[in-house]
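Hello,

Here is the structure I promised to hand over. Please open it and keep it beside you while you read my notes.

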Amino acid sequence: MRAPAADPIDRSRFPVEEWGITETCYDNAGLGQRETVFAVGNGYLGLRGNNEEGSVEAYAHGTFINGFHETWDIRHAEDAVGFARVGQTVVNVPDVKTVGISVDGEPLQLSTAELESFGRTLDFRDGVLRRDLLWVTAAGQRVQLRSTRMVSFTRRNLALMSYEIVVLDSDAEVVITSDVRNRQDEALDGGSGVVGFDPRRSAQFENRVLLSQVNGEEQGRMVFGYRAAHSGLGLAIAVDHELYTADAVSIETRMNADLGRRTYRIAATMGEPILLLKWAAYHDGPPEVEVADLVGLALLTIDDAQAVGREAIESEQQGWLEHYWARADVQLDGQPELQQAVRWCLFQLAQATARADGAGIGAKGVTGSGYQGHYFWDTEIYLIPFLAHTNTGLARRALRFRIAMLDKARERASQMAQLGALFPWRTINGEEASAYYAAGTAQYHIDADVAFAICKYADVCGDPEFLVGEALPVLVETARLYADLGFFRGPERSFHIHSVTGPDEYSAVVNNNLYTNLMARANLRRAAEAVHLLQATDSTAYAEAVRELSLTEEEVSCWQQAADAMTIPYDEGFGVHPQDEDFLSREVWDLANTPPSRLPLLLHYHPLVIYRFQVLKQADAILALFLAGDEFTPDQKRADYEYYDPITTGDSTLSAVVQSIIAAEVGYQDRALESFLEGIFVDLADLHGNTGDGVHIASAGGVWNALVYGFGGLRDYRGRITIDPRLPQGWTALRFGFRLNGSRVQLELTQDAVVLTLIDGPGGTVSVRGLEVAVIGPEPVRVPLDGQGPRLPTITGYVPLIHGRPARPDEVTIGLPKG
């Protein structure tokens with residue numbers, strides 16, 4: 001994919017706002033994308049941006065709890081030892097968003113209604129979704145409706161909605177129906193209506209998922225309790241209503257296992273507001289917890305919330321976000337369109353991580369069912385660096401989730417006849433959920449990604465105790481796996497890792513994947529260092545670790561030997577690092593003559609067809625240039641980037657942001673900005689056509705990475721901060737915060753200087769283009785800059801560059817599948 005326009009958003013409909021996203025008119029087109037863009041969540045609970053009226057035109061009604069899933073048996077047409085056995089899919093839990101209205105017998109249906117005005121805004125400063133519309137009924141009655149929706153960042157289990165109605169022209173009969181609907185099992189009768197093969201989407205269940213345990217009213221509140229049919233997980237929902245009106249009203253409640261409906265019939269007086277507050281609480285739990293107990297917790301959540309009141313809860317929310325933005329915000333002067341998009345991405349990271357609390361961070365957060373709600377290595381590579389620099393508590397909690405998976409990772413390694421632990425490619429409960437092992441289990445780099453994130457957190461946050469404490473078993477078991485997986489070969493005793501898949505899923509089951517080998521080498525080294533650090537600093541804890549992990553000096557020494565002897569593929573003729581041992585021997589896919597209708601390739605070609613070509617779904621070797629950048633020279637980075645960027649399709653949203661970082665570093669600054677635009681508008685402009693299935697959370701995290709590591713030029717290898725910025729032409733200033741030895745520092749970058757300001761902590765030393773700068777006092781430190789690094793002409797075309805020129809026909813063969 002090449003870059004979109006500098007601003008691909010229809011600003012007549014979605015105006016520029018630096019602290020929110022607003023929709024100014026209603027249209028059924030693109031419903032799925034808007035349901036995602038206007039979703040609200042807190043990392044535990046997420047409500048999609050569906051219309052309050054529960055419109056049948058919805059792309060996908062959705063309410064999700066992080067980690068609440070159903071399991072199912074994976075059916076393999078041809079079975080084999082070690083294949084994944086149990087699938088896991090996030091459940092669309094009962095929906096509390098729906099509030100319908102009718103006036104004098106006419107129901108509001110947005111797709112057919114006459115609307116004099118319509119607007120809804122998601123405010124990034126208080127996390128509240130607000131909608132305001134003026135509806136004209138068929139009889140000519142004007143009706144003002146205002147609604148709000150929020151999921152609390154401070155009260156993990158709570159959602160709060162309001163719905164205000166005023167009839168403007170005459171008295172009228174107003175009927176409000178407030179629903180709780182089990183849409184998950186309704187979907188058995190229809191689903192979203194989206195057809196076609198797409199492995200990125202969530203599959204439908206064949207049988208009922210939520211088995212009713214409780215339904216009825218307690219203390220005037222609707223309560224529901226369920227048990228997932230196969231996973232056994234428990235779920236409870238409690239909903240309470242508060243109606244404020246001076247008019248006469250009658251109330252009726254109807255309940256069954258899958259629907260709770262409270263109906264209010266109001267003799268509405270012209271000009272008099274009617275306000276409905278809807279409080280909802282969700283609690284889930286493991287199979288051993290009684291559903292009745294979860295119901296009790298849900299009722300207590302509402303008790304506590306109502307005791308402090310709506311205003312206090314909204315104030316709590318705003319306070320939480322003020323604290324978040326003080327650390328996470330990235331400011332772009334003079335770029336209001338980009339500023340809005342940046343803050344939308346950063347707000348999505350808050351909604352995905354704030355209250356994940358012991359669960360993982362799904363590829364779609366809690367905004368949709370894409371990828372079946374699974375957790376990938378996206379968290380470790382794209383989110384942990386952001387969290388480490390902006391919210392250390394959230395970073396540590398995310399890592400503790402992985403650490404808690406260790407026993408299942410050990411089991412998986414045993415199933416694969418390996419020592420140590422093998423973390424899954426995709427999962428919810430810790431077990432591998434990918435039935436296609438070539439693109440799933442074969443991604444052995446996941447272990448090194450987990451180790452990378454652990455070390456990144458410890459280095460950036462100045463927390464070495466984490467490495468030698470709770471994280472040590474993970475470092476040991478992942479190193480143990482690589483030492484067992486690889487082997488020494490030849491008289492030079494080089495170390496090789498065979499039959500793996502790197503991040504690029506268009507090249508599978510290869511030997512000596514560059515990314516895997518580099519990351520595994522780092523894993524082996526850091527594990528050995530952690531063991532030796534513990535040995536030197538705490539002999540008692542070291543003895544305990546030796547006993548519990550069955551460690552020996554000989555094993556740790558073997559890790560070091562394997563790391564030192566690791567094979568790092570390099571081709572002298574081309575002057576590049578091959579993505580894997582045989583990559584350069586394949587035919588190059590002719591992307592120039594591939595029609596857009598045949599992209600993404602994974603939806604149109606059998607995997608084996610794709611595997612025979614040099615073509616990339618996403619950054620692989622280029623990702624290695626970033627994460628292991630201290631292992632390459634500047635010339636090597638440029639040569640590798642020039643080879644791989646032209647043959648990368650961008651079929652994965654994980655790619656553009658990484659390509660932007662390396663393009664900026666090596667000097668392709670126009671291309672860096674183009675790639676950045678691909679990343680920042682992935683969802684706001686639905687560039688991949690699948691935003692309806694949920695936010696691309698890793699891409700949102702990658703936007704922060706591209707700004708800080710790419711244009712900001714920051715590197716934090718082993719916690720040492722260096723800065724070599726690349727501010728794009730036309731940008732006047734970029735500001736962001738980062739961690740320095742546990743301190744917080746604010747960086748302001750302009751075209752002619754870097755200014756560093758210590759926010760809190762003792763500070764330390766930063767290297768700015770080789771100049772050591774002490775940031776230790778309250779006064780800002782200004783470092784003049786001579787330009788923004790090299791600026792090379794933009795790469796054009798889809799032919800890889802060799803020694804700075806397009807490859808010749810005698811060097812590479814370019815073609816397409818013939819069938």
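**Helices first**

Helix α19 covers residues 669–680, and its 12 residues reach 16 Å from first C-alpha to last, close to the 16 Å expected at 1.5 Å a residue. Keep in mind that this is a predicted model.

How many residues of α19 are buried? Nine of the 12 are, so the helix is largely enclosed by the rest of the structure. The buried set runs Gln669, Arg671, Ala672, Ser675, Phe676, Leu677, Glu678, Gly679 and Ile680. Charged side chains are among them: Arg671 and Glu678. What do these buried residues pack against? Their partners are α5, α17 (634–644), α18 (656–666) and α20 (697–711).

Now take helix α11, residues 472–485. Its 14 residues should span 20 Å at 1.5 Å a residue, and its end C-alpha atoms are 20 Å apart, in agreement. Here 11 of the 14 residues are buried, so α11 too is largely enclosed by the rest of the structure. The buried residues include Leu472, Val474, Leu475, Val476 and Glu477. Also on the list are Thr478, Ala479, Arg480, Leu481, Tyr482 and Leu485.

**The chain as a whole**

Now step back. The chain holds 20 helices and 34 strands. Its radius of gyration is 27 Å, close to the 28 Å that the globule rule gives for 819 residues, so the chain is as compact as a globular protein of that length. Along its principal axes, the C-alpha trace spans about 90 × 65 × 55 Å.

Of the 819 residues, 61% count as buried. Take the contacts between residues at least 6 apart in sequence: 68% of them join residues at least 24 apart. The chain exposes about 28,900 Å², and carbon and sulfur atoms supply 50% of that.

On charge, there are 70 positive and 111 negative side chains. The centres of the two sets lie 1 Å apart.

**A buried glycine**

Is Gly360 buried or exposed? Its relative accessibility is 3%, under the 20% cut-off, so Gly360 counts as buried.

Which residues does Gly360 touch? Leaving aside neighbours within four places in sequence, Gly360 is in contact with Asn66, Tyr375 and Phe401. Phe401 is 41 residues away in sequence, yet the two C-alpha atoms are 6.0 Å apart in space.

**Backbone points to check**

- Pro600: the peptide bond from Leu599 to Pro600 is cis, with omega near -5°. Pro600 sits in the loop between β22 (587–589) and α15 (607–611).
- Gln219: phi is positive, about 55°, although Gln219 is not a glycine. At 62% relative accessibility, Gln219 counts as exposed.
- Arg769: phi is near 50°, again positive in a residue other than glycine. Arg769 lies in the loop between β29 (764–768) and β30 (771–775). With 32% relative accessibility, Arg769 counts as partly exposed.

Best wishes

How values were computed
Residues are numbered from 1 along each chain as its sequence is written. This is a predicted model: local features need pLDDT of at least 70, side-chain atom pairs count only at pLDDT 80 or more; totals for chains, interfaces and linings use all residues. Side-chain values use heavy atoms; hydrogens and water are left out. Helices (H or I, at least four residues) and strands (E, at least two) are DSSP runs, numbered from the N terminus. The radius of gyration is taken over C-alpha atoms; the globule rule is 2.2 Å times the number of residues to the power 0.38. Buried means under 20% relative accessible area, exposed over 50%, partly exposed in between (1.4 Å probe, protein chains only). Contact means heavy atoms within 4.5 Å. Accessible areas come from the Shrake-Rupley method with a 1.4 Å probe; for residues, only the protein chains shown count as cover. The place of a charge is taken as NZ of Lys, CZ of Arg, CG of Asp or CD of Glu. The expected span of a helix is 1.5 Å times one less than its number of residues.
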